[in-house]
Amino acid sequence: MTARSTKAMGGIAAAAVALGVTQLLAVFVGPQADARTAVGSAVIDLTPGPVKEWAIQTFGMADKLVLAMLVLAVIAVVAAATAAFESKRVPLGSIAILTAGVAGCAAVLSRAGATLLDIVPTVVGAVCGVAVLRLLVSGRFTDAPQPTDDGPDRGRRLSLVTLGFLGAGALTGVGGAVLSRLTSSVSGDRNAFALPAIDVTAPPVPATVQPKGVALPSFVTSNADFYRIDTALSVPQLSRENWQLRIHGMVDREITLRFGDLKRFEVVEKMVTLTCVSNPVGGDLIGNAAWTGYRVRDLLAEAGIHRDADMVLSMSIDGFTAGTPVDALVDQRDALLAVGMNGEPLPTDHGYPARLVVPGLYGYVSATKWVVDLEVTRFDRAEAYWTRLGWSARGPIKTESRIDVPRSGQDVPRGPVTFGGVAWAQNRGVRDVEVRIDRPDGQGDWQRADLGAAYSNDTWRLWSFPWQATESGPHTITVRATDNTGAVQTAEVAAPVPDGATGWHSVDFTVA
Ligand SMILES: Nc1nc2c(c(=O)[nH]1)N[C@H]1C(S)=C(S)[C@@H](COP(=O)(O)O)O[C@H]1N2
Ligand SMILES: [Mo]
């Protein structure tokens, strides 16, 4: 190894120690001192809207993991590149670590409710990082005096010490992350939560919602299979004890509800299909669940909404906001402050202890998880998280449909086969689904699909289509839905930005 590459390795080891020490110390100060989450959240917040959208489209639910790997890779490259030039006269590596430390402190301090104590782990971590780097380049661990810049490194000891620090950094980092997870987790609080008795139960799901011949997808999405989309780099751990909901703004009287206060409201169970605005045509950012909770209408009535208010800006404990039309929150669709999902307390990922569920609206304008604040306001006064980034202020869900069987590129044997999928137009309901199968000559006619029973206008509708595979070769199946207003799903292709994707879903398959 050359002296320069040895120094580069030292830079990575020093950065690892800086990150590890910061992570470990943050365990003792609290989650708000976690510089890793603070920096990651700052990166997410500063990333331009279209890039975020691209990340969700490309990496889907792995987006946060990809971000973490990317940040680590950038840190390693910068640490190596700058440390390679670390010397007494030009301490470039040390400067880089200190600069990163300052940025980390700024990210921590930028978070709501942060105090000076919260930056102590980052400051100590940065100082340790610099100390390690200075030690490694000092020449103390080389047998020879100071190696010349490009000369061979004659010391084995230096590599071993460098590896040791690298290991120490990894250990304290991973240890710190695991410990902070254990100490802040609300899983115990969640397990101890017995859902309130339901006053208004959702109608039972008849077996006929599942159309003949296909099992995909299941009408109710299990909690484990339910898509998850949010900006939360570490899932907020909010206990029922620490939860409260403030309702304020254009109201007659501001109120703050503790979790126990919810007892005085009627408990409603409702089946609602949630959809993400980022769901591409044919995508799976959609799921259907039975939600248990309280009518938002009842909560708002206690505060008394002013007549000229038209938006409720809901905010989560971690600062995400959604702007929902007042109408959608108070009309008969029964928008919920949900505390249960499919008969269980809300999973932490899905908003424990409480979130909003508003039928008919994309999640980004309605479905705030870990919700703690409702500000009654106006669309011309307030702007929510995604609207500020270029998405539409209003987000009614568009009429869409998806093919689940066959999968793209699938081989279909000759003979009888049943295709199937889902269609949705929440708050309007699906009336019809049509399927077109192009023969190898590119011709085909729209034909009515068989429909599963309609459960409600706020849930998706399953369809199936029996077909005889006779002609060998490539085929394409296309689907389109008609909602209860008579509107046929548009063929016009639109991207998810600014208010949801449109177009027909097609799947290519081959008859063997
Ligand atoms: N606190 C918080 N709530 C949020 C979001 C978020 O980023 N933060 N994302 C919203 C979006 S864009 C969608 S589509 C739904 C997804 O809910 P789910 O993860 O339970 O499926 O949550 C909404 N609620
Ligand atoms: Mo979303």
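Isoleucine 95 sits in helix H5 (residues 92-109); helices (H or I, at least four residues) and strands (E, at least two) are DSSP runs, numbered from the N terminus. This is a predicted model, where local features need pLDDT of at least 70, side-chain atom pairs count only at pLDDT 80 or more, and totals for chains, interfaces and linings use all residues. Residues are numbered from 1 along each chain as its sequence is written, and side-chain values use heavy atoms, with hydrogens and water left out.

**Around isoleucine 95**
- Isoleucine 95 counts as partly exposed because its relative accessibility is 45% (buried is under 20%, exposed over 50%, partly exposed in between, with a 1.4 Å probe and protein chains only).

**Around threonine 399**
- Threonine 399 lies in the loop between helix H11 (385-388) and strand E11 (400-405).
- Its relative accessibility is 12%, so threonine 399 counts as buried.
- Its side chain makes polar contacts with the side chains of arginine 428, at 3.0 Å, and aspartate 483, at 2.8 Å (a polar contact is a pair of N or O atoms within 3.5 Å; within protein, one must be able to donate a hydrogen and the other to accept it, and residues adjacent in sequence count only if both atoms are side-chain atoms).

**The open sheet**
- Here 5 strands line up as E12-E19-E18-E14-E15, with mixed pairing (two strands pair if DSSP finds at least two bridges between them).
- Strands E12 (411-412) and E15 (446-448) are at the edges with a single partner strand each, so one side of each has no neighbour in the sheet.
- E14 (residues 430-438) pairs with E15 in the antiparallel sense over 3 bridges.
- Opposite glutamate 434 you'll find arginine 448 in E15.

Note on methods:
Chains are lettered from A and ligands numbered from 1 in the order in which they are written.
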